[in-house]
Amino acid sequence: MKTKLLSNLEQEIMNVIWHMEPCSLKEIHAELHKAHSIAYTTVATLVQRLVIKGLVVKKDTNSFQRYSSKMSKEVYT
C-alpha cells in the first residue's frame, strides 16, 4: 500500500484518533486545542480530508459521528 503524505496537523489528528478512537470531532478539537489555538472548523476540514484520503472512517451513531482509523499506527508507519 502506498503511504499517504500528511501535513503536521493531519499527523497530530491521526495521533489523537489512534489514542482516543473512536472519538468525535469535539474530542479531537479539545485535545488539539491544548497545544494549538485551532478553530473547530479547521479540525473538521482536516478530519474530512483524512476520510477522503482513506485513513479515517466516519461512523454515524445515535445522531452524531465518531471517527476511527482504518489502520493501526504500527501498520501506517
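Me: How are H1 and H2 oriented to each other?

Reply: Helices (H or I, at least four residues) and strands (E, at least two) are DSSP runs, numbered from the N terminus. H1 and H2 pack at about 120°, axes 10 Å apart; axes are lines fitted to C-alpha atoms, for helices over the stretch in contact, and angles run from 0 to 180 degrees between N-to-C directions. Under 35 degrees counts as roughly parallel, over 145 as roughly antiparallel, 65 to 115 as roughly perpendicular, and the rest as oblique. So H1 and H2 come out oblique.

Me: What pLDDT do side-chain atom pairs need in this predicted model?

Reply: Residues are numbered from 1 along each chain as its sequence is written, and side-chain values use heavy atoms, with hydrogens and water left out. This is a predicted model, where totals for chains, interfaces and linings use all residues, local features need pLDDT of at least 70, and side-chain atom pairs count only at pLDDT 80 or more.

Me: Is the crossing of H1 and H2 left-handed or right-handed?

Reply: A crossing is left-handed if the near helix is turned anticlockwise from the far one by less than a right angle, and right-handed if clockwise. For H1 and H2, the crossing is right-handed.

Me: Which residues of H3 meet H2?

Reply: H2 and H3 (residues 40-52) pack at about 115°, with axes 10 Å apart. Contact means heavy atoms within 4.5 Å. From H2 come Leu25, Lys26, Ile28, His29 and Leu32, and from H3 come Tyr40, Val43, Ala44 and Val47.

Me: Is Glu10 buried or exposed?

Reply: Glu10 belongs to H1. Buried means under 20% relative accessible area, exposed over 50%, partly exposed in between (1.4 Å probe, protein chains only). At 4% relative accessibility, Glu10 is therefore buried.

Me: Which side chain makes a polar contact with the side chain of Glu10?

Reply: A polar contact is a pair of N or O atoms within 3.5 Å; within protein, one must be able to donate a hydrogen and the other to accept it, and residues adjacent in sequence count only if both atoms are side-chain atoms. The backbone nitrogen of Ser7 sits 2.8 Å from a polar atom of the Glu10 side chain. The side-chain partner, at 3.0 Å, is Lys53.

Me: Which residue in the hairpin turn has a positive phi?

Reply: E1 (residues 56-61) and E2 (residues 64-69) pair antiparallel over six bridges; pairing takes at least two DSSP bridges. Most residues other than glycine have a negative phi. In the turn, the one with a positive phi of about 50° is Asn62.
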